[in-house]
Amino acid sequence: MSNKLLTYKNQKGGTMNFFRHKSKGISGIVVGLLLASSLMVGLVAGGIKYLSAVHVGTAAAKTDAQVLYVAQSKMELAKAIDYDKLDLAAESRTAYADTGFETEVSIGDEVEIDENTKKRDITVKVYKPSGTVPLFKLTYLKPLTAQENGNLEMAKYY
């Protein structure tokens with residue numbers, strides 16, 4: 001290895017030994033470490049945002065499952081009532097157990113599909129306690145006789 005590789009000439013014509021100026025190498029290392037640490041901070045911040053989004057998604061799925069459970073429970077109770085006593089299933093907006101939701105059950109007027117078929121709507125709505133728009137609505141068209149099939153419709157509002 002020749003000495004020329006270890007030295008270089010500056011603009012004034014002088015020569016400098018590469019190994020004498022260790023501060024340039026250290027400053028390069030410091031700059032590199034700063035860049036690496038800022039990259040790590042960015043990755044950590046991105047990871048926190050991702051985990052936060054996963055948590056929010058999990059909480060939303062849990063809320064969906066709770067709302068659906070409340071609506072189905074109310075609907076099953078109303079469907080079990082005899083057709084001619086369906087008006088007893090209707091209830092105004094009330095708190096549902098310890099779920100943090102409110103429910104409302106309404107019974108529609110009788111609809112004559114044809115001369116032998118009559119049906120009534122049972123509608124269950126689930127609300128947040130302070131909400132005016134339902135989170136979920138479940139409607140069942142209950143037939144007059146048990147031999148006929150009912151129709152179930154679901155609507156999610158949030």
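Colleague: Why is Lys-74 called buried?

Modeller: In this predicted model, Lys-74 has a relative accessible area of 13%, and because buried means under 20%, Lys-74 counts as buried.

Colleague: What makes the contact between Glu-91 and Lys-74 a salt bridge?

Modeller: The side chains of Glu-91 and Lys-74 meet with 2.6 Å from N to O, and since a salt bridge asks for a side-chain nitrogen of Lys or Arg within 4 Å of a carboxyl oxygen of Asp or Glu, the pair qualifies. It links distant parts of the chain, with Glu-91 in strand 3 (residues 91–96) and Lys-74 in helix 1, 17 residues apart.

Colleague: Why is Glu-91 called partly exposed?

Modeller: The relative accessibility of Glu-91 is 27%, and because buried means under 20% and exposed over 50%, with partly exposed in between, Glu-91 counts as partly exposed.

Colleague: Which residue forms a salt bridge with Asp-87, and how do you know whether Asp-87 is buried or exposed?

Modeller: The partner of Asp-87 is Arg-120, and the closest N and O atoms are 2.7 Å apart, where the cut-off for a salt bridge is 4 Å. This pair, too, links distant parts of the chain, since Asp-87 lies in the loop between helix 1 and strand 3 while Arg-120 lies in strand 6, 33 residues apart. Asp-87 has a relative accessible area of 51%, and exposed means over 50%, so Asp-87 is exposed. Arg-120, by contrast, has a relative accessible area of 11%, and is therefore buried.

Colleague: What makes Glu-102 buried, and where does Arg-93 stand, buried, exposed or partly exposed?

Modeller: Glu-102 is at 18% relative accessibility and counts as buried, because the limit is under 20%. Arg-93 is at 30% and so counts as partly exposed. The side chains of these two residues, Glu-102 and Arg-93, meet in a salt bridge with 2.6 Å from N to O, and the structure holds 4 salt bridges.

Colleague: Which residues have the most contacts inside the largest nonpolar core?

Modeller: Those residues are Ile-122 and Val-126, in a core of 19 residues. The elements that give two or more residues to this core are helix 1 (22–79), strand 4 (101–107), strand 6 (117–127) and strand 7 (136–143), and helix 1 supplies the largest share, 5 residues. Leaving aside residues up to four places away in sequence, Val-126 touches several others, among them Val-67, Val-70, Phe-101 and Glu-102.

Colleague: How many of the residues of the whole chain count as buried?

Modeller: Of the 158 residues of the protein chain, 22% count as buried.

How values were computed. Residues are numbered from 1 along each chain as its sequence is written. This is a predicted model: local features need pLDDT of at least 70, side-chain atom pairs count only at pLDDT 80 or more; totals for chains, interfaces and linings use all residues. Side-chain values use heavy atoms; hydrogens and water are left out. A nonpolar core is a set of buried Ala, Val, Leu, Ile, Met, Phe, Trp, Tyr and Cys residues joined through side-chain atoms within 4.5 Å. Buried means under 20% relative accessible area, exposed over 50%, partly exposed in between (1.4 Å probe, protein chains only). Helices (H or I, at least four residues) and strands (E, at least two) are DSSP runs, numbered from the N terminus. Contact means heavy atoms within 4.5 Å.
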